[in-house]
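User: I have a structure open and would like to go through it with you. Could we start with how the helices sit on the strands?

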Amino acid sequence: MIDSDIKKDLVFAYHLFAKFGWDDLTYTHLSARSADTSSFYILPFGLLFQEVTVSNLIRVDFNGNVVEGIDMIYNPTGYVIHGSIYSHRADINAIFHSHTHANVSVSATKNGLQPISQWALHFYDQIGYHAYDSLALDLKTQGDNIAKDIGENMLLVMENHGAVVCGQTIPEAFYYHHHFENACKVQCMINNNQKDVIVPDAAVCKRSNQDLLSFEEKRGSRDWSALKRLYGYEAEFKLSNSERPRKASNHHCNTELV
Ligand SMILES: [Zn+2]
């Protein structure tokens, strides 16, 4: 992908977070790795997610230096969280950090996310946990711990704080965030009746996790295209053949963008 398309998709992600109520005023941040892989795009501190545009995104290197755009107010926590993960994980190209009521609630429980919904099974045995350590301000110590704690996973639960959800692509990060948010909401809704909860057998959880994650070639791309159509972004985006869901050939719905 070229940088202009990466930035368009990142802006769309910001707008979707606002529409879905996953934002937190001017806190939290979503980012995407630049095409040359040496930096990432993120919003300037101080903007609401609805206000993010292609032209006001800033580009930051992995040492926290703004190399493109004007950072109105420096937000070092964003650079510590995002920079540390990009530096350690070459496979990750998008990182969404969020504080939602549901994910903060689950992050504050000792047992973390439980495998009690199909949404949660996307993450079965694949979650990193990071103990609360005040604001993430130190790239050397806190940043390294964040990278160590996420390990090989795509989801890091920041205890008493929120979530860091990653993806190989922006649509994939959105896909994981959607499933994690719904899993957290379900867990919160049944919290008062924990003794009655059915927990699937571990072997079933494992198989479900594998089935869910191998169901389609490009995780999130089908939903991403649908949301572009829903919110009128289709004029700026095209659905390429490589982004088509694996099993789309027999589907009766027309997914062609006009
Ligand atoms: Zn945060």
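Analyst: This is a predicted model. In it, helix α1 (residues 3-20) lies across β1 (29-33) and β2 (39-42). Its direction is at about 160 degrees to β1.

User: And which strands does helix α2 lie across?

Analyst: Helix α2 (residues 76-88) lies across β1, β2, β3 (58-61), β5 and β8. Relative to β2, helix α2 runs at about 140 degrees.

User: What is the order of the strands in the sheet?

Analyst: The sheet is open and has eight strands, in the order β4-β3-β2-β1-β5-β8-β7-β6, with mixed pairing. At the edges stand β4 (66-68) and β6 (127-130); each has a single partner strand, so one side of each has no neighbour in the sheet. From one strand to the next, the twist averages 25 degrees.

User: Do β5 and β8 run parallel or antiparallel?

Analyst: They run antiparallel, and five bridges join β5 (residues 94-98) to β8 (residues 162-167).

User: Which residue of β8 is the bridge partner of I95?

Analyst: The partner of I95 is C166.

User: Changing topic: how many residues of α6 are buried?

Analyst: Of its 20 residues, 14 are buried, so α6 is largely enclosed by the rest of the structure. Helix α6 covers residues 170-189 and reaches 29 Å from its first C-alpha to its last, close to the expected 28 Å.

User: What percentage of the whole protein is buried?

Analyst: Buried residues account for 39% of the 258 residues. The protein has eight helices and eight strands in total.

How values were computed. Residues are numbered from 1 along each chain as its sequence is written. This is a predicted model: local features need pLDDT of at least 70, side-chain atom pairs count only at pLDDT 80 or more; totals for chains, interfaces and linings use all residues. Two strands pair if DSSP finds at least two bridges between them. Helices (H or I, at least four residues) and strands (E, at least two) are DSSP runs, numbered from the N terminus. Axes are lines fitted to C-alpha atoms, for helices over the stretch in contact, and angles run from 0 to 180 degrees between N-to-C directions. Two residues are in contact if their C-beta atoms, placed from the backbone, lie within 7 Å. The expected span of a helix is 1.5 Å times one less than its number of residues. A residue is buried if 20 or more other C-beta atoms lie within 10 Å of its own, exposed if 12 or fewer, and partly exposed in between; C-beta atoms are placed from the backbone.
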